[in-house]
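Thanks for opening this one with me.

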Amino acid sequence: MNVPSSEAVRQSHGKRMQDALKELVSRNPGILAAQVCTSDGFEVASVQRDEESHRRLAAMVSSLHALGTAMVHETELGRYLNLIIEATEGKCLMMAIPRSSESLLLTAVASPTLLFGRFHQSCKATCESLGNCLLETEAV
Amino acid sequence: MPEEHKILFTGTMGAGKTTAISAVSAVRMVKTEAVNTDRSLFAKATTTVGLDYGEVSLDDGSVLRLYGTPGQRRFEFMWRIIARGALGVIILVDNSRPDPIADVGIYLESFRTLVEAGAAVIGVGRTETHPSPTTEDYYACLAGRNLMLPVFEVDVRRGDDVLMLLDVLFGVLEAADA
């Protein structure tokens, strides 16, 4: 499978992805940070956290996604969709971006005040928007 | 309940960690590979980003649980997580890389606790096409760090070579216990 590098994705889709993440954060005040990264742990676009933190987050998300996928396969639950981490000071949601062959992942971090249902729906909508962004560029 | 021992396989990307575990695992391996999007550093198509897992059953009924770490340094946090509770570590080296001695130094440092306890073995691969550095060079590197660890030239595609590394690791551990 020929999967583009994070640099290639950044160049072709980076601005649109950055805009989609900014919109996710601005429409949901409880969302503290958001990022798109490649499945092998390179950041493509991000909002709200410092650069070093984004790089570490991208690597961790990639590991978690891979482990989540392995677990879905092991338990015969079909296809991996997302991974949720709940903690005392907030929550994280990691989703595979559609139409990217699971090579791109969205991660968002939210405060405890944001209701999970809204968090999930907003991230899902952003994922769809990011997936459409990939399709539209291919159609050009 | 059979005894279980946790053994790590570590080393740079492309050193053969996933291949080594795959060569000996008696169970279907857990692999967490992603497509490698940074071909400028490594030519491999895929890279481990989580961990590898396999098992070897011993004659006495005990089980070796084999864990492979991701090779790339940005996954160092996984090395610390996976290393918890490990009995020993097998450091695999790719002798075709530009500076394999420096590479092995990274893992000697990162797994220092196990290494200083003598619970480590080094397996050097691709020596048939890249004979230098020699095992003597690796021993010199270890001596410079006041370490004495077994070093072997191996082809981890061969199960027997991997089993030999495990056998030597256990021999070293038993000797340390005696």
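1. Let us start with one glycine: is B:Gly16 buried or exposed? B:Gly16 is buried, because 26 other C-beta atoms lie within 10 Å of its own, and the cut-off for a buried residue is 20 or more. Please keep in mind throughout that this is a predicted model.

2. Once neighbours within four places in sequence are set aside, the contacts of B:Gly16 are B:Leu92, B:Gly125 and B:Val156. For a sense of distance, take B:Glu136: 120 residues separate B:Gly16 from B:Glu136 in sequence, and their C-alpha atoms are 22 Å apart in space.

3. Next, a word on confidence. Chain B has a mean pLDDT of 92, with 98% of its residues at 70 or more. For the complex, the predictor reports an ipTM of 0.74 and a pTM of 0.84.

4. How many of the 7 residues of strand E6 of chain B are buried? The count is 6, so this strand is mostly covered. E6(B) is joined to strand E1 (residues 4–11) of chain B by 5 bridges, and these two strands run parallel. In that pairing, B:Ile7 faces B:Gly88 in E6(B). E6(B) is also joined to strand E7 (residues 120–125) of chain B, by 6 bridges and again in a parallel arrangement. There you can pick out B:Ile91 opposite B:Ile122 in E7(B).

5. Two helices of chain B deserve a look together. Helix H1 (residues 17–24) of chain B packs with helix H6 (residues 159–177) of chain B at an angle of about 95°, and their axes are 8 Å apart. That angle makes H1(B) roughly perpendicular to H6(B), because angles of 65 to 115 degrees count as such. On the H1(B) side, B:Ala20, B:Ala23 and B:Val24 take part, and they meet B:Gly159, B:Val162 and B:Leu163 in H6(B). By type, the residues of this contact are 5 nonpolar, 1 polar and no charged.

6. The backbone of chain B has a few spots worth checking. In general, most residues other than glycine have a negative phi, and most peptide bonds are trans. Between B:Ser132 and B:Pro133, however, the peptide bond is cis, with omega of about 5°. B:Pro133 belongs to the loop between E7 and helix H5 (135–144) of chain B.

7. Two residues of chain B other than glycine have a positive phi. For B:Arg126 the phi is near 65°, and this residue is placed in the loop between E7 and H5 of chain B. For B:Asn146 the phi is near 60°, and its place is the loop between H5 and strand E8 (151–153) of chain B.

8. Turning to chain A, you will see an open sheet of 5 strands in the order E2-E1-E5-E4-E3, with antiparallel pairing. Its edge strands are strand E2 (43–47) and strand E3 (82–87) of chain A, each of which pairs on one side only. On average, neighbouring strands are turned by 10° against each other, direction ignored. Strand E1 (residues 31–38) of chain A and E2(A) are joined by 4 bridges and run antiparallel; A:Val36 has A:Ala45 as its bridge partner in E2(A). Helix H1 (residues 6–27) of chain A packs on this sheet and touches E1, E2 and strand E5 (104–110) of chain A, with a direction at about 20° to that of E2(A).

9. Finally, how many residues does each chain bring to the contact between chains A and B? Chain A contributes 19 residues and chain B contributes 14 residues. On the side of chain B that touches chain A, the elements giving two or more residues are strand E2 (33–35) and helix H2 (76–83) of chain B. The residues on that side of chain B are 7 nonpolar, 5 polar and 2 charged.

Definitions and conventions: Residues numbered from 1 in each chain as written. Chains lettered and ligands numbered in written order. Predicted model: local features only at pLDDT ≥ 70, side-chain atom pairs only at ≥ 80, totals over all residues. Contact = placed C-beta atoms within 7 Å. Nonpolar A, V, L, I, M, F, W, Y, C, P; charged D, E, K, R; others polar. pLDDT = per-residue confidence, 0-100. Axes fitted to C-alpha atoms, helices over the stretch in contact; angles between N-to-C directions. Parallel < 35°, antiparallel > 145°, perpendicular 65-115°, else oblique. Buried ≥ 20, exposed ≤ 12 C-beta atoms within 10 Å, placed from the backbone. Pairing = 2+ DSSP bridges.
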